[in-house]
Amino acid sequence: MSRFPYTFLGLAALLGLACGPGKHSVQRVSVPLRTDHSYGNAEQVRTTHLHLELAVDFNKKRLSGTATHHIEHKSTDTMMVLDSRGLVIEEVLLDDGSSANFRFGIEDTLFGTAVLIPLKPETKKVHLRYHTDSTAEALQWLSPVQTHDRQHPFLFTQSQAILARTWIPLMDRPDVRFTYSAKITCPKELLALMSAANPQQRNDSGIYHFDMPQPVSSYLMALAVGDISFKSLDSLSGVYAEPGFLDSVAWELADMPNMIKKASALYGDYPWGRYDVLVLPPSFPFGGMENPRLTFATPTIIAGDRSLTSLVAHELAHSWSGNLVTNASWNDFWLNEGFTVYFENRIVEAVYGKDFADMCAELEVGELERTLERMMREAPKDTRLALNLKGRNPDDGLTDIAYIKGFLFLKHLEQLVGRHRWDDFLKEYFRVYSFKTINTEAFKDFLHEHLFQTAKEVVYAQLKDWMYGEGLPAQAPKPASERMKQAREAALKYQTTRKPDPLMAKGWVTQQYQHFLRNMPKDISTAELDALDQSFGFSKSGNAEVLCDWFTLAARVWYRPAFAPMEAFLVRVGRRKFLKPVYEALSATPKGLELGRAIFRRAKSGYHSVSAGTIAEILGVKS
Ligand code: BES
Ligand code: ZN
């Protein structure tokens, strides 16, 4: 990381040094961050509504147009400070038609550049004309060959955590909520979609209008443009995907309407009108992203057997935990993700039964244990639920701690007071904090006010240990399932027989294979992997979760026959969760590292910057 130390910022301003692209000739000024990750001065000025008018240019790989902020401010305040990163801002107009004499802060490689706009006491609207540049990390521009149907280019955005500022000048902090509207112009043969009320069909003009009438945080701003079709699942939900993929997607996600019904029955009516899922091309760096009204999802959940749809349950759950009740800062990220993993698990239980839900939880707790083992060595402070990410990339908080430790904490509270009281409490939580943001301390207070009834409960809850302590409290719940038990026993049996027994795996689902693969003997040989591959056909599996665990094992053991399909997988799929373990396993030996670097050289042009950055770091190369 090459950020300037804070003292240097002051010095640079004093000396009149200008850093950054230098598009703007005016001298740059030193501007302090107002939160741990944003320059936005929401304490003085707030955006209440944002209107975007953007043209999508696939040739230039550029969004250009205007962002109009409708604002509220105390009439005495004279400056609005927005976040931006790599944006070229051409002009800023106030609602009286005057041109604002705006300035930039000194550029920071992580947080970008503050845009300082002097306001007049009566200013109600601020209008910025701008375009994105080639460094915009939120944008991934795909060529036709990177899509499913290989006919048309594709664009999608990923704003979480602090990338919204790379395509829109705004206050990029989750505790600022605003409604938005947009007019997007794109090539006529493509359809544009946003995290808002969406069209279901292409039109002949290539112009689309969007409206998000409920206030959302900046990290939920989203846009996708491509050859996209829609298929309805019921009156409230449906799927979007490329035409050649649409039927498979609709089949795989057919349980969505039931999930929405079950989720609403648990914690209150679905708050956003429609719920649709857009399945993206395979380079999408995440599993899913909970963009309001329109979840973005990786195609790697389309396994052909509906075994990976819990990801949709997860993103759907964010409609309450995250989008409705939002973490106030990225230090409170566990309030978004821990709650969502808990809620996801309840939806999965309601739709697929308790054993399936417990199986998913058990697999995840296994992952948490491995993560904790490493983190307690390398970064014990980051194993706390309440984080301190000041000055760091908030993505550093994107670990199993927020997700699985957060989930176990809530499960622990459920077990303490019983499900009935716990569900009433959660319902109340979502009601009271609707369209608000919350931090860890406020959640603690809310527990005291609305959950605990006796001093004994307060003691048993051990809130301090859970929220502010490192590692995992000893009394953490231990989910256990029949299906995982079968997989564990099969792995144990294999440890002694060293012979695959396909009969044992009859009727297994994805997660059981994963558990089995993760529990292979440390000293397993290439000949034994060969026998496993013959019996189970792992290398030819169409299931990305299974492939990921298999290739990780193959890389560790140096099982060459799996390398061709492994490389094909690493080139086609850009989901960071799958890339990371395989590249890590490769990096463990010099020859593996060499192979990993060679594959990365071929694959990286297809990776999103989020994935490319992580993998480059693992391989010790430039991204
Ligand atoms: N909101 C997250 C994705 C995210 C978090 C993106 C932080 C950028 C920064 C999303 O809801 C998520 O958790 N996705 C998971 C899938 C889920 C089933 C655990 C993923 O992408 O793997
Ligand atoms: Zn999530």
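## A first look at this protein and its ligand

A compact globule of 623 residues would have a radius of gyration near 25 Å, and the protein agrees with this because its own value is 25 Å. That radius is taken over C-alpha atoms, and the globule rule is 2.2 Å times the number of residues to the power 0.38. The model is predicted, so local features need pLDDT of at least 70 and side-chain atom pairs count only at pLDDT 80 or more, while totals for chains, interfaces and linings use all residues. Residues are numbered from 1 along each chain as its sequence is written, chains are lettered from A and ligands numbered from 1 in the order in which they are written, and side-chain values use heavy atoms, with hydrogens and water left out.

**The whole protein**

- Along the principal axes, the C-alpha atoms fill a box of roughly 80 × 60 × 55 Å.
- You can find 19 helices and 20 strands here; these are DSSP runs numbered from the N terminus, with helices (H or I) of at least four residues and strands (E) of at least two.
- Of the 623 residues, 59% are buried (buried means under 20% relative accessible area, with a 1.4 Å probe and protein chains only).
- Among contacts with a separation of 6 or more, 71% join residues 24 or more positions apart (contact means heavy atoms within 4.5 Å).

**Around ligand 1**

- There are 17 residues around ligand 1, and Gln160, Gly287, Glu290, Glu315 and Tyr403 come nearest (a residue is near if one of its heavy atoms lies within 4 Å).
- A polar side-chain atom of Glu290 lies 2.6 Å from a nitrogen atom of ligand 1.
- For His318, a polar side-chain atom lies 2.9 Å from an oxygen atom of the ligand.
- Gly288 uses its backbone instead: an N or O atom there lies 3.2 Å from an oxygen atom of ligand 1.
- On its own, ligand 1 has 520 Å² of accessible area, and the protein covers 88% of that (Shrake-Rupley method, 1.4 Å probe).
- Strand S17 (288-289), helix H4 (310-317) and helix H5 (333-352) each give two or more residues to the shell, and H4 gives the largest share, three residues.

**A closer look at Leu119**

- Leu119 sits in the loop between strand S6 (113-118) and strand S7 (125-131).
- This residue is buried, with a relative accessible area of 7%.
- Beyond its neighbours within four places in sequence, Leu119 is in contact with several residues, including Val45, Ile71, Met80 and Leu94.

Notes. A polar contact is a pair of N or O atoms within 3.5 Å; within protein, one must be able to donate a hydrogen and the other to accept it, and residues adjacent in sequence count only if both atoms are side-chain atoms. Buried means under 20% relative accessible area, exposed over 50%, partly exposed in between (1.4 Å probe, protein chains only).
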